[in-house]
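User: I'm new to reading protein models and would like to go through one feature by feature. Could you walk me through it?

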Amino acid sequence: MKIINTLYIVLFFGFIGSVNAQVAVTGSVVDEKNNAIFGATISLTNSDNTFGVLTDDNGTFQLNVPQGIYQFEVRFLGYVSQQRSIDITSTDAFDLDTIVLIESVEKLQSVEVIGRARTDYNSDYSFSATKVAIKNKELPQAITSVTKELIADRLAFQLPDAVKTVSNVTVTGLYNHYNIRGITQADDGQVLNGMRTRQYYFLQPITAHLERVEVIKGPSSVTFSSADPGGTVNMVTKKPLTEKRSEVSLTTGSFGTLRATADFTGPLNESKTLLYRFNAAFQEADSFRDVVNNNAILISPSLSYIPNENTSLNVEMIYSDAEGNLDRGQPIFGAINGEFDLNSTPITRNVGASSDHYKNKEFIFMANFSKKFTENFGFNAQFMKQTWDEDLAEHRVGGSVVDIEGNVIPTLARLRYDERQQFWETDNFSTYFTYDIKKGKVTNKILVGFDGTRWERKIGAGFLRARRYLTVDGGQSNFDPENPDDFQQIVVDGVTIPKPAAAFFNLANPFNGARDVSDYNLSELSIPANLTSSSGIYLQNQFKVGKFSALINLRYEWFTDIFDYKGDEGEFKTNAFVPRIGLTYEVTNSISAYATYLEGFQPHTNTVSLSPSAEGFFWAASPSRFDPLESSLTEVGAKGEFLNGKVFANLAIFNITQKNILLGDTFDLETLTTRGEQRSTGFEMDISGYVSPNFQLTASYGFADAEIVEDAIEEFIGEPIGGAPKHTANFWARYDFMNKTLKGIGFGLGAQYVDERFTWYNPTYATDRVLLPDYTVFDAAVYYKPNNTGIQLTLKLNNLFDETYWLGGLNPSRLGPGAPRNVLLNATYKF
């Protein structure tokens, strides 16, 4: 409460500071051709306040400010900003006359140690896709960025909310898990600033410390080592800025949501060689789902040291402490006459108990050092260490309840109970040399590097489990209707059933209170320690000849998995060559066409938690004994920048194949083979930016024909991949009024359409798939920015028309319903 009270005080004094306006500061802004610039940002800043306004249709502006000395600045996208100091000593009007802005040619820093200066829906470059800064229009691969401005306008507090505006990206349920271009993700962990982390996908990361989220389409193993074929979601953290900026934010809303964030940045010395950034977030949030919440604390400081243009160092830390309930999803009644009824239970239904919990504690340290020895020759090194702890107690659906004759009772769900603790540690290292050669119209940018990753699941991990049915001798087993007397029996509603080892859940008469687990028959199981290491050397060359450029990569990767580390060790090794070749041609100054071929690979150790066929290996053996998942991408497309770089568009046509998917009985490990194959063909379009200075939008459409080519379940062959909608479309726009009557008021409107798709998790022991209906959901927002205060109030309505829909699902007992209509109220103060 102290944090919240302090932020309320800050907001109050922000309002008070706007009362003493006295002098009218006027002027106009034009370009080099004397055309009026509509929507340029005008700001006056002193030690006490910041006053701001946008230019009108004629390029003119007026600000009312108290007397004093101010730092005056004019900014407009695509132009060089202007700053100067002005001294307002008179009470009369202060005329700044006509200000001419010059079109800018942005020069990218070589590594990302200084924060992004733009403040719109576009990010026109990426570091992670190629290790070095490259403009998106020159990259022969589709990449879509979701900037912090778009995240803020949409109040997208969790990562899945942030990425849902991207073409061909949909969540598969209630977790941090996606289907991209028709292929459901299989790789554990997240990618942060281009480096791989390891943690489960159950809780959705909060976005308060993120500068942008990049969705890099295709199997980018040449960059990220083990990588999903559909694409990689890369989270880019906020970096320090050379100018002082401060922001605090408070949010409340439906489902008990309370949230506070802070973001401070700027120089620590006069020479601006030492910069800092500090981000913090606090969140308490329940859910429309029964006994589900997601509480989190995030603290993320960073420092950048840039003594000269040839040397830079960035160090940052991220501490995250999240606690909630592991929401396994909505269970529905068992199939009746072969059909599942999505409405047989309410979307709020959850089988968990109020005494359950899921706790994650994560600490990440990252450092990036860059040195340019000569104008052409440079060096970069990046290191990350991550620790991740898990503490779980949960009830979940373990299967159907049967009567003593083996008949399924569709209204009852057999529960499984787990208490689990794990401790993981990840080290990630990357280093490379760059050498640039320019001779006439020919340019070569050569990169040679090495990556190394080490992940260890520590000794001491284990769990207590109750599942299946109790035998008369006190054991646990699947029920055998041929020998019912071997099982303990109870009577429920007049029906005799074998007694579940944990409990059962009555879907028609639910109970979610605290459950006494003392009489559960808990089995004590250990989780073997595991050590995986992966190393890669790679060569990259981007060369340009006039309007033609090519990006060529070759990576050699070797991977080692040691199962039961420091015990009865079993070691398995694999290696792979991974190529990429991409060609780009500048059709005009603003439009380029490209074609690319990529390959990817994933050792099965990295996919064991999410693969329906490999999960048995998590406890029993190393799945790295099998050939890794292999994938390839062929893609052609076009990219364009319009309205002087204010609008960016991307169109892509793609074909993806994935093979060596494990097939066979999940728990009969000796029967598994790597013969599975999937294919996805489609196209997509993304567009974002300023249509006019007070109107910006992002829109996308995606089509993916994703098909199972080979599978252990014969009837699945030729059917759609689970979790893959054929059509998706997204739209979000913000419009701010410029006339005097409504000035300071803005509106936001968004929509998301997702086609029908099957649940995605289908091992051989549970092959039921549920076809989830298509849906269209609308969101809306109202913004109010009181003049010269630095404050913005946002009222956001999600699911405007209260649509009942399902985001996705794993299987019939684990569906992911979307939230009903809900409201958020946010107050942000920038000073």
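User: Let's start with one residue. Where does K131 lie?

Analyst: First, some ground rules: this is a predicted model, in which local features need pLDDT of at least 70 and side-chain atom pairs count only at pLDDT 80 or more, while totals for chains, interfaces and linings use all residues. Residues are numbered from 1 along each chain as its sequence is written, and side-chain values use heavy atoms, with hydrogens and water left out. Now, K131 is in the loop between strand 8 (125-126) and strand 9 (134-135). Helices (H or I, at least four residues) and strands (E, at least two) are DSSP runs, numbered from the N terminus.

User: What is the phi of K131?

Analyst: Most residues other than glycine have a negative phi, and most peptide bonds are trans. K131 isn't a glycine, yet its phi is positive, about 80°. L155 has a positive phi too, near 50°, and is also a residue other than glycine. You'll find L155 in the loop between helix 2 (148-153) and helix 3 (159-163).

User: Is L155 buried or exposed?

Analyst: Buried means under 20% relative accessible area, exposed means over 50%, and partly exposed is in between (1.4 Å probe, protein chains only). L155 has 7%, so it is buried. K131 is buried as well, at 16%. Across the chain, buried residues make up 57% of the 831 residues.

User: How do I read a pair of aromatic rings, and how many does a search of the whole structure find?

Analyst: A pair of aromatic rings is described by the distance of the centres and the angle of the planes. Rings of Phe, Tyr and Trp (its six-membered ring) pair if their centres lie within 6.5 Å; planes under 30 degrees apart are stacked, over 60 edge-to-face, and the rest tilted. The search turns up 32 aromatic pairs. One of them joins F683 and F703: the centres are 5.7 Å apart and the planes at 35°, a tilted pair. F683 sits in strand 40 (residues 673-692) and F703 in strand 41 (residues 695-710), 20 residues apart. F683 is partly exposed, with 35% relative accessibility.

User: Which kind of pair do F737 and F747 make?

Analyst: Their ring centres are 5.8 Å apart and the planes stand at 85°, so this one is edge-to-face. F737 is in the loop between strand 42 (727-736) and strand 43 (745-754), while F747 is in strand 43, so the pair ties together parts 10 residues apart in sequence. Rings can also link up into a cluster, as Y175, Y200, Y201, F202, Y358, W388, W424 and W455 do.

User: Which ring does the charged end of R259 sit over?

Analyst: That's the ring of F157, 3.8 Å from its centre. The rule: NZ of Lys or CZ of Arg must be within 6 Å of the ring centre and within 35 degrees of the ring normal. R734 lies over the face of Y783, at 3.8 Å from the ring centre.

User: What about sheets: in what order do the three strands of the open sheet come?

Analyst: Strands of a sheet pair through backbone hydrogen bonds, either parallel or antiparallel. Here, two strands pair if DSSP finds at least two bridges between them. The order is 4-1-7, with mixed pairing. Strand 4 (60-65) and strand 7 (94-100) are at the edges with a single partner strand each, so one side of each has no neighbour in the sheet. Strand 1 (residues 23-30) pairs with strand 7 in the parallel sense over five bridges, and V25 has F94 in strand 7 as its bridge partner.
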